[in-house]
Amino acid sequence: MGGRLDRIDLKILRLLQNNGRWTNAELAETAGVSAATCHRRTQRLFDEGYIAQVRAMVAPRKVGKGALVMVGVVLDRSTPESFAAFERAIAQLKFVLDCHLVAGDFDYFLKIRVGDMEDFNRIHGEQLIALPGVRQTRTFFVMKEVVDNAPLDF
């Protein structure tokens with residue numbers, strides 16, 4: 001099939017996106033195909049990169065990371081070298097969940113999980129503002145997570 005998805009592939013993707021714990025037999029039955037066909041198709045979806053990984057969604061509060069913080073970052077220069085240095089450094093920070101290069105008032109937006117405001121204040125002062133090329137940060141504490149990590153609509 002090489003890059004083309006049919007309705008069965010799409011159904012398998014939707015099912016797995018909503019519940020990554022399906023057994024192959026359950027997935028096959030729900031998708032309306034044999035277990036062998038389901039296994040082959042699922043493996044191909046992994047092999048071709050449609051499914052990047054399967055992992056558990058851990059409840060942040062249960063592990064002491066209940067505060068969600070968004071940080072806008074402005075670099076001092078807009079050069080490929082500055083971007084590359086920042087990206088290499090930010091990729092090493094385990095508390096950064098997401099980092100996106102954006103257009104607009106900021107160069108990057110970061111999504112960070114911490115225990116509380118004091119935890120973030122320490123991280124900000126010791127690590128974020130010390131990242132290569134950072135001229136300015138702007139912090140947004142999330143008051144309520146209305147939609148978080150929703151399944152893709154396709």
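UniProt lists residues 5-66 as "domain: HTH asnC-type", in an unreviewed entry. UniProt positions follow the numbering used here, feature names are shortened, and annotations may be inferred rather than shown by experiment. The structure is a predicted model, in which local features need pLDDT of at least 70, side-chain atom pairs count only at pLDDT 80 or more, and totals for chains, interfaces and linings use all residues. Residues are numbered from 1 along each chain as its sequence is written, and side-chain values use heavy atoms, with hydrogens and water left out.

Over residues 5-66, the chain is 53% helix and 0% strand. Helices (H or I, at least four residues) and strands (E, at least two) are DSSP runs, numbered from the N terminus. The end C-alpha atoms of this stretch are 38 Å apart.

Four strands form an open sheet in the order E2-E3-E1-E4, with antiparallel pairing. Two strands pair if DSSP finds at least two bridges between them. Strands E2 (96-101) and E4 (134-141) are at the edges with a single partner strand each, so one side of each has no neighbour in the sheet. The twist from one strand to the next averages 20°. Here, axes are lines fitted to C-alpha atoms, for helices over the stretch in contact, and angles run from 0 to 180 degrees between N-to-C directions.

Strand E1 (residues 67-75) is joined to E4 by 7 bridges, and the two run antiparallel. Val-69 has Phe-141 in E4 as its bridge partner. Helix H4 (residues 80-90) packs on the sheet and touches E1, E2, strand E3 (108-114) and E4. Contact means heavy atoms within 4.5 Å. The direction of H4 makes about 10° with that of E3.

E2 and E3 are also antiparallel, joined by 5 bridges. Leu-101 stands opposite Tyr-108 in E3. The hairpin of E2 and E3 has 6 residues between the strands, and Gly-104 takes a positive phi near 125° there.

The largest pocket holds about 1,400 Å³ of space. On a 1 Å grid over the protein atoms alone, a pocket is an open set of points where a 1.4 Å probe fits, with protein on both sides within 12 Å along at least five of seven lines; lining residues have an atom within 4 Å of a point. Grid points are joined across faces, edges and corners, and a volume is the space filled by probe spheres set on the points. The lining comprises 32 residues, with Gln-53, Arg-55, Ala-56, Met-57 and Asn-149 nearest the centre. Helix H1 (7-18), E2 and E3 each give two or more residues. H1 supplies the largest share, 4 residues.
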